[in-house]
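Hi,

Here is the structure I said I would pass on. Have a look at it first, and my notes follow below.

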Amino acid sequence: MMTRLETELPALPETGLARREFLIATAGVGGGLVLGFLLPRVMGPQAKHGAETSTFRTESRPFVPNAFIRVDPDGLVTLTVHKVEMGQGTFTSIPMLVAEEMDIDLAKVKLEQAPADDKKYADPILGSQVTGGSTSIRGAWKPLREAGAMARILLLTAASKQWNVPLEECTTSGGMISHGKSGKTVSYGEVAGAAALLPIPQKVQLKDPQHYRLIGTPAKRLDTPSKVNGQAKFGIDAQVPNMKIATVAASPILGGKLTSVDDSKARSIKGVVQVVKLEDAVAVVADHMWAAKQGLAALDIKWDGGRNASLDIKDIVGQLQEASNNQGRAAPGVVARSVGDFRKTFEQSKHRFEATYQVPFLSQAGLEPMNCTVHVQPDRCDIWVGTQVPTLAQAGAMTLTKLPAEKIFIHNHYIGGGFGRRLDVDFINQAVAIAKQLPYPVKVVWTREEDMQHGIYRPYYYDKLSAALDDQGKPIAWSHRVTGSSVMSRWVPQMVENGLDPDAVEGARDPLYARDNLLVEYIRQEPPGIVTGWWRGVGVTHNMFMIESFIDELAHLAKQDPLAYRLSQIDHVPRAKAVLQLAADKAGWGGALPQNQGRGLSVQFAFGSYVAQVAEVEVGKDDIRVKRVVCAVDCGTVVNPDTVVAQMEGGIIFGISGALYDQITVKQGRVEQSNFDNYRVLRMNEAPVIEVHLIRNNEAPGGVGEPGTAAVAPAIANAVFAATGKRIRTLPLVPSLMQT
Amino acid sequence: MVTLNVNGKDHALDIPDDMPILWAVRDVIGLTGTKFGCGKALCGACTVHLDGNPIRSCVTPVSAAAGKKITTIEAIGDTPEGRKVQQAWLALEVVQCGYCQSGQVMAASALLKSTPNPTDQDIDQAMAGNICRCGTYPRIRAAIKQAANVKAA
C-alpha cells in the first residue's frame, strides 16, 4: 500500500475508496490509463505494455488517472469541472480541491467543462449531474480531493521508481517532484507517461487540514478575467457556422395551444427566413434577432386558451386557503414529522397562538434570458446552452430526435444567472423541437417578456403555524402545515414518498424550537396552469420566512427580546447559537435607532450551514428600505473564503428583491409581469451595507449558495415589526399590507 | 447600407436603420461581449459607449451612431478608465455569474471619465440602471471607489 509521507502528513485520515467504486481502471486510449467512476474493471493495453520498460524522459502518453484530471507530457494539467459555473464560484473552488491534494499551482491549470455523463459526473448528494441545491462543494469535497491525491501518489511513485529511491524521500510542490538527498527534480509532465502505467492503489490518504495551502485561503477566481473584458462565452453567445437566430411566442394564456398563424406579413420582413410552428408556440427564424423580433410582432396568431383562459391569482390563492383549512378533505395532509403529541398539548394549553403566512409565485429573472442553440443532423444533435442539468438536456433531446445519448452533444456554457431556472429544460426541448424542422443550426433566444411570462415559478405557499406556550411564553408544542405545489413530484418524482415532498417541508421538518411536541404536515395543492420549479433557497426559503417570523411573534407575545428569546431555546444547537450571538454582537443588537427604523433577526440551519442575520430597515410611507444586513455564517470547512462571503452578499441581495418587491400574478390566464419595470428587482441605490462574518472550523463543508437568501426575508419582516409594531405575514412586504 | 464604427473599425453593414446597435454588434458583427437582458433599457446589460457616453444599445438604433464611434466591452480596456475599472473589478472579485458585468464595467468607466472622484450619490445615479441579479452591488461600489483612487497609468 502506498502511503503519504509521514513527515509531511501525520495522523492522516484514511480514505476507503471502495465506498463508491471509485477509480476503477478501464481500457485507456492509446495506452494511457483512463479511470472513471462506477465503471467495470477492464484490463487494458497498459497491462501488456509493461510498466517498467519505458523511461519517463521518452514517454509521450498522457496521464489520465480519473475522470477529472489529465496531465500531458508537456506538463499541462487539465481539470474537468463537472459542475457548471453560474456565479457561485465552483469553477475555482472545485479545482482548488484537486490542486490542494495534487500539489499543483491553481493558476496554471486548464479548466474544461465536463460533458453530459451521469456515470462519471453525478453529484453524490443529488444522484445525477446536477448543479443545484447548494451541493457542489458538499458533494465534491471527498471524491475530488481523492482524485487529486490519487494522481499525486501515482506521479510520485513513477518518479521514485525511475530514480530508484524510496517513495518516502520524495516530495511534491508546484507540479514538481523532488528528491532532497540527491537534489533530483522532475516535472509531473515528464513522469506522466510512466505514471499512466502504474497500478491503481486501492486507498489514498488525504492531507491533514493543518497542511492545507489552498483550502481556506482566498483564491482568485479563475473565470473572472474573461468576464470583465467581454470574452466569456455564455450560452447566448454561442456562434455556429451558418446559424440563424429565432425568437419565440408561446401561448400567452398559460397552457394554451396554437390554433393558426398568418405569417404573410412576417415573411415579407427583410432578414426573416422561416416561421416554425409548434403545438403551443410559434418561432420566427431570421438572420438576426432584430428581424426575428420584428417578424414575431408581425404574425397574426390565433390561440386556443383552453381551460385557464379566465384564471386569476385570487382563484389560486383561494384554492390554497381552502386546502390549508382542510375544507372538503377527509385527511389533513401528509404527516412530514410527528414528535410527542402536538394536538393534545395544544388543546390542553391555556396559551395558544396561530398565524398564517403566504409567499408568492416568483420568477428567477436571471439576467441572461432563456436561450439555446441547436443543430439537429441525421446522425447527431449538438446543443450549445448553459444548463444546470446537462444529462436531463441530453435525455430530452434523445426523446425528440430518437438519437442515442452518445449522438447528443451538450456543449455547456457559463450561465448568466441560474437561481434554479436552468434546472429545467423546457426551453432546451423547445429549441430542439424547432431545430428539428430546420436544415441549419438555430439559436433560439427568448425575449425578456417571454422569459418572465413563460417561466417555471417558485410555488405560492400558504402556511399555517400553531403553537402552545407555557406560562413563560415559550413554545411547548409546534405545528407547521405547509400548503402548496410539489416541485419534486414533477421534477424528481422518485424522491416523493407517500405523497410527501421533502423540499416543500425542508427546514419546517426540523425547526430549532419546540422539538418535544412537533407536527409538520404537507398538503399538496397544485395551481392550475402554472408550472412550479426551483428558486434560490428552494423549500428552505419559504419555510424560514414562516418559522422565523412566527418565533418572532411568539417572542413579542412573551414580551421578550427576540434575541434572548431565541437564545434561550437553542442550547441543543451550539453552532446555531454561536452564529446568532455573533450576528447580534456585530450588528449592535439592542442599540438605539432613529424613528421608523428597526432591527430584526433570523437564525437557521439549512444546506449543511448555520446562518444568522440581523437586518436594519427604515419604513417609509410607500416603501421599505433595507439599510444594513449583518450576516454570521458557520459553513464548516471553508474552501474559498471570499466566495463564501460573496455568496452571502449575493444571496442576501437576491433575497431582498424577493422580500420587498417580487411576485408573479395571473389575470385572465396570463402572467401580469413582463419585464423589470413591473417585476422590480433590487438596484444599486437600494442595496444595503452588508457585513459577513465567518466562523471557521474543520467541520464538513456546508452549502453557501442559498442559505443567505433564505435568512434575509424573515430578518426584514421582523425588523419592520420592530420599527412599526406592525406584522406583515405575506411577501412581498409592502407597507399597505401592514395589519393592525 | 449602414456604416458603424465599432472599437475603431468601420463596418459596412446591410441592415435596416432602425436596428438597435445591440443586435448589429452581437448578431451581425459578432462581438458578443455586449449582452441582451431586457430589450427596453431597463437593465443596463447592453451598455456601450457612443462617443464616450454610455447608452443602452438595445433601444438605440444604428442610425443614431452615424458618424460616431461605438466602444464596446471588448475595447474598453484600451481606455485609462476602462483599464482601471477592469483591474479594480478583479482585485475586489466583483464578478459572480458575470452576465451583467460588461454593462457594469461600461457604466462605471463612463462614470469615472465624467466624474473622476464619484460620491456614493454619483455612483447610485450612474449605476442604478444596471441590474445585477447575483447581487454584486456592494463590491461594484467599492471597486469604483478603488479605481477612482488609482492614478492614471
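Predicted model: local features only at pLDDT ≥ 70, side-chain atom pairs only at ≥ 80, totals over all residues.

**The second largest pocket**

The second largest pocket holds about 600 Å³ of space. Its lining is made up of 26 residues, and A:Ala250, A:Asp280, A:Asp426, A:Gln430 and A:His454 are the ones closest to the centre. Two elements of chain A give two or more residues to that lining: helix H10 (390-401) and helix H11 (426-435). H11(A) provides the largest share, with four residues.

Domain 2 (235-307 + 370-445) and domain 3 (314-361 + 457-737) of chain A each supply at least three residues to the lining.

**A closer look at H11(A)**

Is this helix mostly buried or exposed? Eight of the 10 residues of H11(A) are buried, so the rest of the structure largely encloses this helix. If you want to click through the buried ones, they are A:Phe427, A:Ile428, A:Gln430, A:Ala431, A:Val432, A:Ala433, A:Ile434 and A:Ala435.

Chain A has an average pLDDT of 90, and 91% of the residues score at least 70. Residues 1-58 of chain A are another matter: the pLDDT there is below 50, although this stretch has 142 contacts in the model beyond near neighbours in sequence.

Cheers

Note on methods:
Residues numbered from 1 in each chain as written. Chains lettered and ligands numbered in written order. Heavy atoms only, no water. 1 Å grid on protein atoms, 1.4 Å probe; cavity = no way out; pocket = protein on both sides within 12 Å on 5 of 7 lines; lining within 4 Å. Points joined across faces, edges and corners; volume = space filled by probe spheres on them. Domains from an automatic or database assignment. Buried < 20%, exposed > 50% of the residue type's maximum accessible area, 1.4 Å probe, protein only. pLDDT = per-residue confidence, 0-100. Contact = heavy atoms within 4.5 Å.
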